[in-house]
Amino acid sequence: MRASIFPTLLAFTTSTAFTAASDVSSTTWSDWDEMQSNLFESVKVVGAGHSFSAITLTDEKADEAGKSLLLNLDNYTGIISCDEPSDEGEVETTNCYVRAGTRLRDLNDMLESRGLAFINLGATAAQSVAGAISTSTHGTGREIGSISTAVRGLKIVDSNGDVITADSNENVDVYTHARTSMGAFGVIMEVTLNVVPIWKMKRTIFDMPLETLISNHDDLYKKYSRFQWSYIPYADPPTASVMIREDVDWDTSGVGCWDSTANVHVEAKLLDGSGGDAVQVDSSVCVDVSYKVLVDSYDRYLNRSLYTEMEMFVDVKHTIDVLKDFLAFQESVKDEHSESASLFCNMRYVAADDIPTSMMFRERCGGFFVHYDGGSDYDGRSGRVRALRQRVGGDRERVDPNGLFLNDYLRERIIKK
Ligand SMILES: Cc1cc2nc3c(=O)[nH]c(=O)nc-3n(C[C@H](O)[C@H](O)[C@H](O)COP(=O)(O)OP(=O)(O)OC[C@H]3O[C@@H](n4cnc5c(N)ncnc54)[C@H](O)[C@@H]3O)c2cc1C
């Protein structure tokens, strides 16, 4: 099938330089063939542009030759339909067919109005559906995979302009890899997402000395399936902020997680009965529907300062070794640290998956990220796509024989041996 209907909804921008706004023009094409009559040599899709690396950028050489194209699907949004619920394992789940440009924040609302929700989300919901799955966006969850693991099917426009349906029955190799597509498998136009009935959770945040976290880490990890922690490098005394999310009954009440008072501290006792020492801590507690416990509110998102982030994924059993190594590194560069630089380190846990292009392929991971306030020229060199080299199967070339959807960032990581 040719992609003749879909591109009428695509707005795109030709760019000679992604960051040079004055060089950018915007057009909406009505036909893939008409678009490709321009003989573009580099076509990339940008979702919400929230990736910290150069993964969305068009190829520099094609930019210079005026032969690059940056597509955006902001006009192609919404839920097309949802199936009746069915049992997948022990849980009742539902498949929803979603247009790829839909922002997760809007999708959360749309799902809630149908009594549905994502099983997990990242820290914010500003991303597009296609962008979020294309980089294995994840939250924390010992037994829960990234958002890519919720994908049950994809509709993709390949570099020929043909629409490919990819799922566990059809174009299986494309489906297997393109759930975390990195933008290298064509233009994702629709995503089938597996979602669950909306439920309620309680979120508890409390501080403890970093040393206490180190000695209690394994108990916390075992006890709480949605556990994460963070610390601010060079803070004195070294302190960990621990966040726990637990399922609660639907009629549980409490301060809502998007309420301004959600960070008020109450006293609570944690770590009891799991083999760890009981620790009395001040904590902030809120209760809400699942997605509001998982992601920030729009107001909070708008109040975020610009920051840059680099995330590493390690086998979960090395979590504390990584922290200790990083603390040693931190100490070794202490003299170079400027007090005005705002740093933040965070560890979240993600279940292993079966997606060869994912950071969690066959390995339950701790994702340790370092973020610092401000923009940068950081190119994501050590970023999340690093581990992917050689895991991209031959079907990428079938979808994109001439490398139309590659860029320098991807070539370095998935092509160069
Ligand atoms: C404030 C903030 C909070 C974040 N929180 C988290 C978090 O908690 N957990 C986490 O894992 N990550 C997090 N991230 C990272 C973010 O989730 C990912 O970078 C995600 O890919 C961004 O989605 P996007 O829609 O902006 O995609 P983009 O950054 O625009 O694109 C990402 C990739 O998807 C491709 N792509 C986009 N749309 C399509 C399409 N239709 N077809 C084919 N390819 C496409 C692009 O080409 C690119 O390769 C955060 C980022 C920010 C800025």
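Helix H6 takes a bend of about 65° at Asn 216, where the bend is the angle between axes fitted to the seven residues ending at a residue and the seven starting there. This is a predicted model: local features need pLDDT of at least 70, side-chain atom pairs count only at pLDDT 80 or more, and totals for chains, interfaces and linings use all residues. Numbering runs from 1 along each chain as its sequence is written. The protein chain has 11 helices and 19 strands; helices (H or I, at least four residues) and strands (E, at least two) are DSSP runs, numbered from the N terminus.

**Helix H6**
- H6 covers residues 210-223, and its 14 residues should span 20 Å at 1.5 Å a residue, which agrees with the 18 Å between its end C-alpha atoms. The expected span here is 1.5 Å times one less than the number of residues.
- Which residues of H6 are buried? They are Leu 213, Asn 216 and Leu 220. Buried means 20 or more other C-beta atoms within 10 Å of a residue's own, exposed means 12 or fewer, and partly exposed is in between, with C-beta atoms placed from the backbone.
- An α-helix has 3.6 residues a turn, so residues three or four places apart point the same way.
- The cover over the buried residues of H6 includes strands S12 (200-209), S13 (226-231) and S14 (239-248).

- Gln 228 sits in strand S13, and it counts as buried because it has 22 C-beta neighbours inside 10 Å.
- Leaving out residues up to four places away in sequence, Gln 228 touches Thr 140, Met 243, Asn 346, Met 347 and Arg 348. A contact needs C-beta atoms, placed from the backbone, within 7 Å.
- Tyr 234 lies in the loop between S13 and S14 and has a positive phi of about 70°, although it isn't a glycine. With 13 C-beta neighbours inside 10 Å, Tyr 234 counts as partly exposed.
- Pro 237 is in the loop between S13 and S14, and the peptide bond from Asp 236 to Pro 237 is cis, with omega near 5°.
- Most residues other than glycine have a negative phi, and most peptide bonds are trans.

**Another positive phi**
- Ser 136, in the loop between helix H4 (129-134) and strand S9 (151-157), has a phi near 55°.
- Is Ser 136 buried or exposed? Ser 136 is buried, with 27 other C-beta atoms within 10 Å.

**Nonpolar cores**
- The largest nonpolar core has 66 residues, and Val 129, Ile 156, Val 191 and Val 195 have the most contacts inside it. Such a core is a set of buried Ala, Val, Leu, Ile, Met, Phe, Trp, Tyr and Cys residues joined through C-beta atoms within 7 Å.
- Strand S11 (residues 187-197) gives the most to this core, with 7 residues.
- A second, separate core of 20 residues includes Leu 213, Trp 229, Tyr 349 and Met 360.

**Whole chain and confidence**
- Of the 417 residues in the protein chain, 40% are buried.
- The chain averages a pLDDT of 85, and 83% of the residues score at least 70; pLDDT is the predictor's confidence in each residue, from 0 to 100.
- Residues 4-9 have a pLDDT below 50, and beyond near neighbours in sequence this stretch has 11 contacts in the model.
- Residues 377-387 also fall below 50 in pLDDT, with 25 contacts beyond near neighbours in sequence.
- Where pLDDT is low, the predicted coordinates should not be read in detail.

Terms used
Contact = placed C-beta atoms within 7 Å.
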